[in-house]
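Hi everyone, thanks for coming.

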Amino acid sequence: MLRAARYVLPIVLFVAVIVSGQTGTSSAPPVSSPGNAQQARPFDIDAAVNAYLAKMPPAQRARSDAYFEGGYWLMLWDFLSTILVMWLMLHFRWSARMRNLAERITRFRPLQTVIYWIQFAIVFSVLTFPLTVYEGYFREHKYGLLNQTFGPWMRDQLVGLAVGLVLGAILVVPLFGLVRRLGSNWWVWGAALMILFLAFVSLIAPVYIAPLFNQYKKLEDSKIKDPILSMARANGIPATDVYEFDASRQSNRVSANVSGFANTLRISLNDNLLQRCTLPEIETTMGHEMGHYVLNHSYKGLVMFGVVIVIGFAFLNWGIGFALARWEEKWEIRGVTDVAVLPLAMIVFSTYLFLMTPVTNTITRDMEYEADMYGLNSARQPDGEANVDLMLGEYRKLDPGPLEEFLFYDHPSGRTRITAAMRWKAEHPESESAEEVAKPVFKTE
Ligand SMILES: [Zn+2]
């Protein structure tokens with residue numbers, strides 16, 4: 001289920017993007033240092049942006065582009081592998097057999113649903129494991145983005161599967177309960193249940209799920225904590241603590257997040273960020289995260305994804321009806337109330353999510369852009385912001401074409417973000433930081 005949320009785009013759009021993407025990669029930035037750009041007034045935004053982009057050595061840029069563009073294809077392979085496995089479950093009646101086994105074990109229907117779900121999730125995880133291990137382990141190592149050896153990585157996978165089994169059961173049991181009680185209107189209430197489930201997961205995730213993968217502790221260093229809490233007070237955020245987590249366990253990626261909502265909402269930053277970033281860079285990052293909070297992005301996101309889900313469930317209702325009318329007997333499925341229908345539901349809903357990827361990406365990307373604006377206005381560190389944007393470019397292509405960014409990016413690209421930072425700086429020349437401008441973000445190779 002969780003994998004399904006990652007799928008992107010139909011093949012047709014795909015080809016269009018690869019083509020448009022090439023315009024993005026081929027425009028090599030002029031060679032000049034960011035410092036040169038600022039001596040001549042009026043401030044030249046484009047020159048400053050290009051000078052920042054040029055901080056990343058060409059070999060590293062090529063590697064990051066290859067990594068990210070390869071990810072577009074992986075979205076397609078993930079999608080197709082899901083469809084294939086689901087089809088196998090239907091075609092060879094594995095799904096019907098899993099249901100029969102569940103019925104032999106117990107007569108209690110909710111428990112039958114749970115037993116079916118466990119078999120379903122394990123079969124799916126095992127059959128897609130070759131792709132998972134390539135994508136999540138070997139490929140990440142190839143690009144130098146993973147710090148884990150196989151043992152700890154596998155441990156994280158198994159914990160993820162266990163979490164998926166529990167959360168999936170929490171969703172599937174009431175969902176099939178609803179379908180059995182409501183008949184043909186099931187999809188309306190099913191969508192409502194799905195939205196409630198998403199809210200529930202984001203409520204419990206920071207407290208009960210994230211600590212299964214990383215250690216969280218309160219940030220103690222007052223040289224960093226005090227300025228962050230000062231910013232929080234200035235922005236009306238009732239935070240008394242900032243959390244630090246050991247992301248270096250998995251990778252060198254810098255990141256921070258605001259997770260949860262209501263009373264589990266917390267601001268966390270990872271140890272890579274603390275280790276690699278200057279105070280202005282940390283401040284601008286935290287300003288961004290505070291933006292998510294102040295702008296109520298958790299709630300707005302839930303509403304916008306809610307619309308996507310309601311439409312998706314209408315499509316699901318139609319798609320299941322269409323397929324069952326033709327192949328119900330062949331697959332030995334007893335209608336929409338039968339839990340054995342799940343692989344079919346996954347085919348229909350994954351296809352929908354895959355097609356909707358540009359929409360869901362745009363929902364998150366727009367909120368990220370808003371948070372960027374908030375971060376610039378609250379931290380007032382445009383040069384620090386540009387340096388952080390470059391670090392994110394280690395795993396996200398810095399300079400895509402506009403269509404490519406629209407289709408594939410769930411965050412703004414490095415160029416978009418640095419352009420926003422330099423635009424802000426042009427109006428606030430006093431904010432310039434000579435140290436940030438001169439700082440080499442990457443080791444030259
Ligand atoms: Zn963000």
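When I say contact, I mean heavy atoms within 4.5 Å. What you see is a predicted model, where local features need pLDDT of at least 70, side-chain atom pairs count only at pLDDT 80 or more, and totals for chains, interfaces and linings use all residues. Residues are numbered from 1 along each chain as its sequence is written, and side-chain values use heavy atoms, leaving out hydrogens and water.

Helices here are DSSP runs of H or I, at least four residues, numbered from the N terminus.

Let's start with α4, residues 58–91, and α7, residues 129–142: they pack at about 165 degrees with axes 11 Å apart. Axes are lines fitted to C-alpha atoms over the stretch in contact, and angles run from 0 to 180 degrees between N-to-C directions. That makes α4 roughly antiparallel to α7 (over 145 degrees). On the α4 side, the contact residues include Tyr-67, Trp-77 and Asp-78, and they meet α7 residues including Tyr-134, Glu-135 and Arg-139.

Now the second pair. Helix α9, residues 186–209, packs against α13, residues 297–331, at about 140 degrees, with axes 9 Å apart.

Conventions
Helices (H or I, at least four residues) and strands (E, at least two) are DSSP runs, numbered from the N terminus. Angles under 35 degrees count as roughly parallel, over 145 as roughly antiparallel, 65 to 115 as roughly perpendicular and the rest as oblique.
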